[in-house]
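Let's take a walk through this structure together. Have the sequence and the coordinates open as you read.

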Amino acid sequence: MNFDFSDEQKQMRDEARKFLSEQCPPKAVRTVLDGKAAYDKALWKGLAEMGFLGVAIPEQFGGAGAGHLELCVIAEEMGRALAPVPFSSTVYLAAEALMLAGSDAQKQTWLPKIAAGEAIGTLALFEGKGNPSPKAIKLAASGGTLNGTKKPVPDGAIADFAVVAARTGSTGRDADISLFLVDLKGGGVEVKELTSIDLTRGQAEITFTNAKAEPLGATGEGWGIITQVLDRAAVLLAFEQVGGADRALEMGRDYALDRIAFGRPIGSFQAVKHILADMYVSATLARSNCYYGAWALSTNAAELPEAAAAARISATQAFQHCAKNNIQVHGGMGFTWEFDCHMYYRRANATALGLGSLSYWEDALIDRMRKKNAA
Amino acid sequence: MNFDDTPQEAAFRAEARKWVEANAPKEYEAELSKSSLGRIRLERAEIVDVGKAWQKKKAEAGWACLHWPKEYGGRGATPIERVIWQQEEGIYGKLTQPFQIGEGMCGPTVMAYGSEEHKRRYLPKLASGEEIWCQLFSEPAGGSDVAGLRTRAEKQGDNWIINGQKIWTSGAHYSDYGLLITRTDPNVPKHKGLTMFFLDMKSKGVEVRPIKQANGMQEFNEVYFTDVVIPDSQRLGAVGDGWNVSLTTLMNERMSIGARLATGFPEMFEFCSNLMTDDGLAIDDPAVRSKLANWAVKASGLKYTSYRAISSLSKGERPGPENSIGKLVAGTMLQDIATYAMDLEGAAGALAGAAEEVANGQFQQMLLTAPSMRIAGGTDEILRNIIAERVLGLPGDIRVDKDVPFNKIPTKGR
């Protein structure tokens, strides 16, 4: 059994960590946090130069053609560094949708630009409150144009193009949904920036009024594609979450070693130790579930839907658990703007919702386990 | 990343599988296949007798304690081969329960500190199950604080005279030998006055009394020592070095990788999949699904954590500290799952008879047994301390009794 990343993949992780520790220190994250920039453009360019944006994109479309295991190790580092760039929307959602369902021409148009850091993409799925569901999609497509509103759209205000989920039928079935590709710089697209709890990652509302759109994949297959994209993104985002959880644990541990109260390091108190031990437990469970997700993703295994849901749930829980308890270990200082704890807390709780909330994935996991048992 | 064996591992697995297939006591397959929490019981035979027969057969073919050197009864197998063997032994591994303390703790301690003569005399018989060993560490006054133990050993010529009491001794009533830690010097701080021995459990003055547990069962014992004589030749390690010797024992306890920990999840998933409530199947209830999903990812997280450790062994590396989370996660899960399963049964959940139509009372037994899972082999709190100190590198607690002679440490709270 070799249930681990290869030495080459680990080396890539080390490279990504080194690059991000130099190019994306907390100070750089704060530039976006404080609203001085929509995202870190220099970092985005650097990530392209390192080959990280196109690591899983085939060489014929301008990528490195490495694979999803490589993308997983990079995702972990992106999460660890809280990189304030549209990585998850562009790479996990838009690029994955293109690779799954795009025509050769569509792939040729967008994938090389993604790999080169010249195009930002996103998935426009949600229409207000609620979890992913074909019923919730009202935005209408007809005659090659879209009409309706999407929100929240991750990184929508800075995206160049979007994969848009639209209604093309009214039978009440999944086949009513189709996907479209829209150039957001074209006509009939109105973008409004929204405020998110995570100030380092943008959200937007996008209104389409007779906006020109081309089909992505066959008509009526949209929901099936979305489900697959969400599963893939769930694994990749879970690695970001595990990276964030690990960093929050380290921050708490380091503070507990340095901070003296009652004449001793607070890390010598069992009450504090046990908080940190429980953080380690949740981060470890999440990491192991993520490894299984990575295996399923990289081999396109039949187990992917179940593995993705398990990774998503476990990593969401771990990041939320570690981020909130990192603040608790820090005490009052953890509740200041100056300390970085809140940036992880914000990211953890925003990431917990982006692909559908915890309860959505819990429900999905049990459905998928039952299907497997019935089979 | 893959789950495949290397060619050597595959060959070893095939050999093990073939042997198990040809030799396992199939007449117990059905009973052993049923889930079990805690001690195994067989309907028509004593687990110790059946276990001894299986262990002997294994030893003759070189499958007992296979990671031990050949001269001491093993086959010199690698750590990954041991894991593969455990996987292939499967449910029949449950029959080895009476030997696990000997194999996991007593044997390695004798191997590290015993004389060559001792090793050749005792280890092969321990490996083959012919002689069973128990571990005599815990005391009424020293549980988590093992070094607080009070059983005295006093030197008299070439012998030591033992007086005192041990508790929570699994298998003492059927054991032939015991690993015993004693206090030989009460005038020095507690960790410094300890000495390790092994003794014949049939020695004069050894009295084993079963403990009736909170769940109504009797699986552990108290062991009383009254002027028991142990020759100095049965001392393991130097006089006063017993604490370090005991660390070897306990470290080996925690090394066992891939040991299957019962979490209760498979039973719970099946239960909820079949339980009809007034509103339909329990598993269709969103509240139930949420709980199940939370336990599902803990169970899979533990499983894949052990896979990561196995992968390290496969590469000839030492596994990381991840496996230290196992019992901490599983113990609480068992308790929570049992509580919730009974909640779903409503008022009838309080009925504990094995004849109850709902799940044969298995969750009720789980509930009553679960507290011990969070205590035995290191309490949840001790395990959290271990993770915090050894994995995360946090400082040890400030010990107020560290430099105090043992006989000056207070013995009552108020």
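This is a predicted model: local features need pLDDT of at least 70, side-chain atom pairs count only at pLDDT 80 or more; totals for chains, interfaces and linings use all residues.

Residues are numbered from 1 along each chain as its sequence is written, and chains are lettered from A and ligands numbered from 1 in the order in which they are written.

B:Trp168 sits in the loop between strand S3 (159-167) and strand S4 (177-183) of chain B (helices, H or I, of at least four residues and strands, E, of at least two are DSSP runs numbered from the N terminus). Its phi is positive, about 65 degrees, although it is not a glycine. Most residues other than glycine have a negative phi, and most peptide bonds are trans.

Chain A has a positive phi to show you too: A:Leu82, at about 55 degrees, in the loop between helix H4 (68-81) and helix H5 (87-101). A:Leu82 counts as buried because it has 26 C-beta neighbours inside 10 Å. For a cis peptide bond, look at A:Lys151 and A:Pro152, where omega is about -5 degrees; A:Pro152 belongs to strand S3 (residues 145-154) of chain A.

Finally, turn to where the chains meet. The contact takes 40 residues from chain A and 39 residues from chain B (two residues are in contact if their C-beta atoms, placed from the backbone, lie within 7 Å). On the side of chain A that touches chain B, H8(A) gives the most, with 17 residues.

Definitions and conventions. A residue is buried if 20 or more other C-beta atoms lie within 10 Å of its own, exposed if 12 or fewer, and partly exposed in between; C-beta atoms are placed from the backbone.
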